[in-house]
Each structure stands twice: as structure tokens, then as C-alpha cells.
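I opened this notebook to keep track of what I looked up. The entries follow the order in which I went.

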Amino acid sequence: MQTNLGEAIKQTPAGREADAILRSCIHCGFCNAACPTYRLLGDERDGPRGRIYLIKQALEGEKVGAATQLHLDRCLDCRACETICPSGVRYGRLADIGRGLIEQQVARPWRDRLRRRVLRLLLPHPGRFAALLRLAQLVRPLLPGAMGAKIPPRRPGRKWPAASHARRMLILGGCVQPAMAPSIDAAAARVLDRLGISLIRAERSGCCGALSHHLSAPAEAKAFMRRNIDAWWPHIEAGAEALVMTASGCGSMVKQYGDALIHDSRYADKAARVSALTRDIGEVLTREDLQSLACRSTEKIAFHAPCSLQHGQRLGGLVEGLLRRLGFTLTPVVDDSFCCGAAGTYSILQPTLSGRLLADKLAALTAGEPALIATANIGCLVHLQSASELPVLHWIELLDTDRERETA
Ligand code: SF4
Ligand code: SF4
């Protein structure tokens, strides 16, 4: 693609990066077939190729307005377009740069600004979010069905084993997951304990920064990243082998810390090291001897692969292969590369499109008549559970023998 970016923007690192990404696009349009919003809306501007043109126009100094912003807001950031692109176009990075620019030029209506501000004030802060969630769970029985279904019921926390092994790995403190499903990290800790690895939660690590990043607040996102790096660094220097991610959305973000902080002279090297050490829990398990984890369950499971796992981290098929290797029976799922509509705060900010994607995804997941649905990201888990009669779990919980005893 030929470009003609303004001189001022071409002098910036982001401008140069965007220019190179735009030039790598060959207009073939293969990406439109993989795009959930293009499939739903059929409008070129709601597909990746059209969005790339819109971003190009903004970078070239053409006037942009609310319509441009709307088409970019409808993008799920699922990055399915990157997986299919034959030219290696880094759409996600281009969208980040384009959104940042458009955010400066187009004022959002006050309601939209308020909603985004409230989300940023609540979701990345575990204490505030946990208090609000507890309150919502208390009033849940009084709410109408559809509204009540949006509030996840309490999931029990489970015992975390004592750190007794020489092999140690770190886990992200997180933001919404510890309040919504504390059982997930506890299950990961117990499974790793059985493999001779202690999982450590570093004090003061928290939100990975993805929520702020996707709500066009890059400075806030970087502050979360630096805080996590500071919390983890003493443990990394003491020999922690890896940073284990049990939410694929967070894993995708932490793997990008190195790129996000590349121009930060104090943190660039540490951020690159943190990203290099980051592993999804599935990546950790595939490198271990799993004989002690073999499963005896005969239940059929439908696995939903989050976009952040299969497109963001390019780990498509990893968890499915692992579960089959451990003896689980997985049902076939059509269109498994498509997003479920959770996509961070998308289900709140774009509820209509999100609801349509959710209905399609649940139809695909339940077609093989599974006994339960498993996934790898808390956002997808809660979103799917809001409309599913089947239990929805993180797959690591299936490997946790304590859960087996509780449900037997
Ligand atoms: S598939 Fe890749 S090269 Fe083709 S239009 Fe889409 S982004 Fe451009
Ligand atoms: S990130 Fe997802 S929704 Fe956005 S353009 Fe790419 S495929 Fe479409």
C-alpha cells in the first residue's frame, strides 16, 4: 500500500511504525473473511481492510469524525485478521496507533466518556472491583433475569499450597479474576505443586494494563506495567523460572510489555525480560512430565479458544492438544477462530454486537452436546456463562483433583 503520511507524524516512532505496517498491506482482503464484525455487518469499514484505510486517512491528515471512531470502536481487537493475513500485517499495533490519534481528534459524547472513565476507575483495581461485585451478588436475586445473569455468582476460593519447592514461578496478581473466580489461580497453583513447582503471587502485582490499553489510556496502562515489573523483579533475580498467565488476555498483554516500554530507558530491558519469561499455563504444562495428571473423566468438553490465546499469542490448538493428551474428550466446534464477543469491555460498550457473537458462539459450542464448556480467559468465561446453562470453567480447573473430589 502506498502511503503519504504528514512529515510531523513520520518523525515520530509511532508514525514510522504505522507507515511500515501500512506499506506491508497488499489490499487482498483475505482478512475480511476472518473478521467477526465484517461477517455480522457486511460493511467494508467494519472489516480489517476498511479499518486499515480509515487509519491511513487519519495518519495522512484527512479529517476524521465520529463515524471513523465508531468503525474502530466496533473492532473487537481479536486479531483474527492477523492470523489469516498472508502479508504479516500487524493490524493490532496499527489499530492501537490509529485509535490513539483519532482519540485526540474526535471528542466523544459525555456519556461515552463517563462510561469509559468509570470502567477504568473500577475494573483494573481489585479492591474496588471486589467490593462492587460482592454488592451486586447480594442484590442479584432481586434483579430481573437478563440483568441478574450478567452478574456472575460467587465461586469458592480454594486452598493455595505452601511454597515448598525449589522450582518457582510467578503469577500475575490480576484485577477482575481474583474476585470473580479465585478458584482458577488456586487450581493452577495446586496442579503445578503436583508437578514440583511452587506458584508465587508477588505482593503489589495487579492489573496487567490491558483494560487501560484497550480503552485508549496508554499512560495509565504503562503505569500498571511498571508496577508489575517492580513487583516481579526481585523474584526474577532470585531465579523464578517463568511468569505464568491463567488469563490469556493478560498473557497477550504481558508478552507485549517489551514492545510497549521499548522507549523507556529505565524499564525497556526489564520489560523485555519479563515478556520473554511470560508463559500461558498451557505452555508451562506442555514442557512438563504430565503422567501424574492423567484424567479419568468421561465427560465431553467443548473448548472455547479465546482470541487472545489463538490470535494474540498464536497458541491455537495448544490447550486442545494438551487436554486430549491427558485423556479428555473434546467435541468439535465450528468457526472456532471467531470471537465470543467478550473482548475486554466490548460486551459493555458494544452490547448488541457482543450479544450476537455470544449467541453464535454458544450455538457452536453446544452443538456437540458437551457436559461443560472450558476456556482459558476470565472475560470469555464470564461472558459465556451469562447465557449458558452448562457450567463454564477454566480448563486448568479440570486438572485440579480437589475439584474432582468436590464434584464427585
Ligand atoms: S489480509 Fe493482510 S494484506 Fe490482505 S488486506 Fe488484509 S491486512 Fe492487508
Ligand atoms: S481485530 Fe478482529 S474485529 Fe478487528 S478488524 Fe481484525 S478480525 Fe476484525
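**Entry 1: T68**

I began with T68, which is in contact with L54 and I102 once its neighbours within four places in sequence are left aside. Contact here means heavy atoms within 4.5 Å. I noted that this is a predicted model, where local features need pLDDT of at least 70, side-chain atom pairs count only at pLDDT 80 or more, and totals for chains, interfaces and linings use all residues. Residues are numbered from 1 along each chain as its sequence is written, chains are lettered from A and ligands numbered from 1 in the order in which they are written, and side-chain values use heavy atoms, with hydrogens and water left out.

Next I looked up the helix. T68 lies in α6, residues 66-73. Helices (H or I, at least four residues) and strands (E, at least two) are DSSP runs, numbered from the N terminus. Is T68 buried or exposed? I found T68 buried, at a relative accessible area of 11%. The cut-offs are under 20% for buried, over 50% for exposed and in between for partly exposed (1.4 Å probe, protein chains only).

**Entry 2: D73**

I stayed in helix α6, where D73 also lies. D73 is buried, and its relative accessible area is 16%. Leaving out residues up to four places away in sequence, I listed R108, R116, Y346 and Q350 as what D73 touches. I also checked D73 against L215: they are 142 residues apart in sequence, yet 9.8 Å apart in space, C-alpha to C-alpha.

**Entry 3: the ligands**

Where does ligand 1 sit? I found it in the largest cavity. A cavity is a set of points on a 1 Å grid over the protein atoms alone where a 1.4 Å probe fits but cannot get out. A molecule sits in one if more than half of its atoms lie within 2 Å of its grid points. Around ligand 1 there are 13 residues, of which C25, C28, G29, C31 and C85 come nearest. Being near takes a heavy atom within 4 Å. Helices α3 (30-34) and α5 give two or more residues each to this shell. By class, the shell around ligand 1 has nine nonpolar, three polar and one charged residues. Ala, Val, Leu, Ile, Met, Phe, Trp, Tyr, Cys and Pro count as nonpolar, Asp, Glu, Lys and Arg as charged, and the others, Gly among them, as polar.

Ligand 2 sits in the second largest cavity. I noted residues around ligand 2, including C35, C75, C78 and C81. Both α4 (36-41) and α5 (48-59) supply at least two residues of its shell. That shell has eight nonpolar, one polar and three charged residues.

**Entry 4: the cores**

I then turned to the largest nonpolar core, which has 94 residues. Such a core is a set of buried Ala, Val, Leu, Ile, Met, Phe, Trp, Tyr and Cys residues joined through side-chain atoms within 4.5 Å. Among those with the most contacts inside it are W232, Y257 and L399. Helix α15 (residues 218-237) gives the most to this core, with eight residues. Another core, of 24 residues, lies apart from it, and I21, C31, V64 and Y91 are among its members.

**Entry 5: two phi angles**

Most residues other than glycine have a negative phi. I looked up R204, whose phi is near 75°, a positive value. R204 is in the loop between β2 (197-201) and α14 (210-214), and is exposed at 60% relative accessible area. S216 also has a positive phi, near 55°. I placed S216 in the loop between α14 and α15, partly exposed at 21%.

Note on methods:
1 Å grid on protein atoms, 1.4 Å probe; cavity = no way out; pocket = protein on both sides within 12 Å on 5 of 7 lines; lining within 4 Å.
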